[in-house]
Amino acid sequence: MTFDQLKGYVDMGNEIEFTHDGRKYSITYFYPDDGDDEDVRISFCEFYKETTEVRTVEELWNDVSRYGRSVGEMLSSIRTDDIRIF
């Protein structure tokens with residue numbers, strides 16, 4: 001998956017699941033309890049582990065990492081067919 005593809009999916013509000021190095025990950029959204037749409041964040045996590053919330057796709061792609069690999073490196077290293085989009 002490219003950065004532009006990820007940005008398009010996030011802009012449309014799609015949720016994403018993928019597997020990298022045998023670990024399952026998801027990209028969803030964090031909605032604050034106060035209902036303020038300005039505070040909606042992109043949420044990234046390995047299944048059943050702590051999440052990381054960011055405001056932009058750029059932050060998600062470049063700054064969030066797990067096991068020494070950024071989200072961008074993970075997504076760009078797997079086949080698009082192996083990524084589930086909801």
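The model is predicted: local features need pLDDT of at least 70, side-chain atom pairs count only at pLDDT 80 or more, and totals for chains, interfaces and linings use all residues. Residues are numbered from 1 along each chain as its sequence is written, and side-chain values use heavy atoms, with hydrogens and water left out.

**Overall fold**

The protein has 3 helices and 7 strands. Helices (H or I, at least four residues) and strands (E, at least two) are DSSP runs, numbered from the N terminus. From that end, the order of elements is α-β-β-β-β-α-β-β-α-β. The radius of gyration is 12 Å, close to the 12 Å that the globule rule gives for 86 residues, so the protein is as compact as a globular protein of that length. That radius is taken over C-alpha atoms, and the rule is 2.2 Å times the number of residues to the power 0.38. Along the principal axes, the C-alpha atoms fill a box of roughly 35 × 25 × 20 Å.

Buried residues make up 35% of the 86 residues. Buried means under 20% relative accessible area, exposed over 50%, and partly exposed in between (1.4 Å probe, protein chains only). The protein exposes about 5400 Å², and carbon and sulfur atoms supply 43% of that area. Accessible areas come from the Shrake-Rupley method with a 1.4 Å probe; for residues, only the protein chains shown count as cover. Contact means heavy atoms within 4.5 Å. Among contacts between residues at least 6 apart in sequence, 36% join residues at least 24 apart.

Five strands form an open sheet in the order 4-3-2-1-7, with antiparallel pairing. Strand 4 and strand 7 (83-85) are the edges, and each pairs on one side only. Neighbouring strands are turned by 20° against each other on average, direction ignored. Two strands pair if DSSP finds at least two bridges between them. Strands of a sheet pair through backbone hydrogen bonds, either parallel or antiparallel.

Strand 3 (residues 41-46) is mostly covered, with 5 of its 6 residues buried. Its pairings are listed here.

| Strand pair | Bridges | Direction |
|---|---|---|
| Strand 2 (residues 23-30) and strand 3 | 6 bridges | antiparallel |
| Strand 3 and strand 4 (residues 51-54) | 4 bridges | antiparallel |

Individual partners can be named. Tyr25 is bridged to Glu46 in strand 3. Ile27 has Phe44 of strand 3 as its bridge partner. Ser43 stands opposite Glu53 in strand 4. Strand 3 and strand 4 form a hairpin with 4 residues between them, and Tyr48 in the turn has a positive phi of about 65°.

Helix 1 lies across strand 1, strand 2, strand 3 and strand 7, and runs at about 45° to strand 2. Axes are lines fitted to C-alpha atoms, for helices over the stretch in contact, and angles run from 0 to 180 degrees between N-to-C directions.

**The core**

A nonpolar core is a set of buried Ala, Val, Leu, Ile, Met, Phe, Trp, Tyr and Cys residues joined through side-chain atoms within 4.5 Å. The largest one has 20 residues; those with the most contacts inside it are Leu6, Phe18, Ile27, Ile42, Phe44, Leu60 and Leu75. Helix 1 (3-12), strand 1 (16-20), strand 2, strand 3, helix 2 (57-63) and helix 3 (71-76) each supply at least two residues of this core. Leaving aside neighbours within four places in sequence, Leu6 is in contact with Met1, Ile16, Ile27, Val57, Leu60, Trp61 and Leu75.

Tyr25 sits in strand 2. Tyr25 counts as buried, at 1% relative accessibility. Beyond four places in sequence, the residues that Tyr25 touches include Ile16, Phe18, Phe44, Arg66 and Met74. Its C-alpha atom is separated by 18 Å from that of Arg55, 30 residues apart along the chain.

Ser70 is found in strand 6 (residues 69-70). Its relative accessible area is 14%, so Ser70 is buried. Not counting residues up to four places away in sequence, Ser70 touches Trp61, Asn62, Val64 and Ser65.
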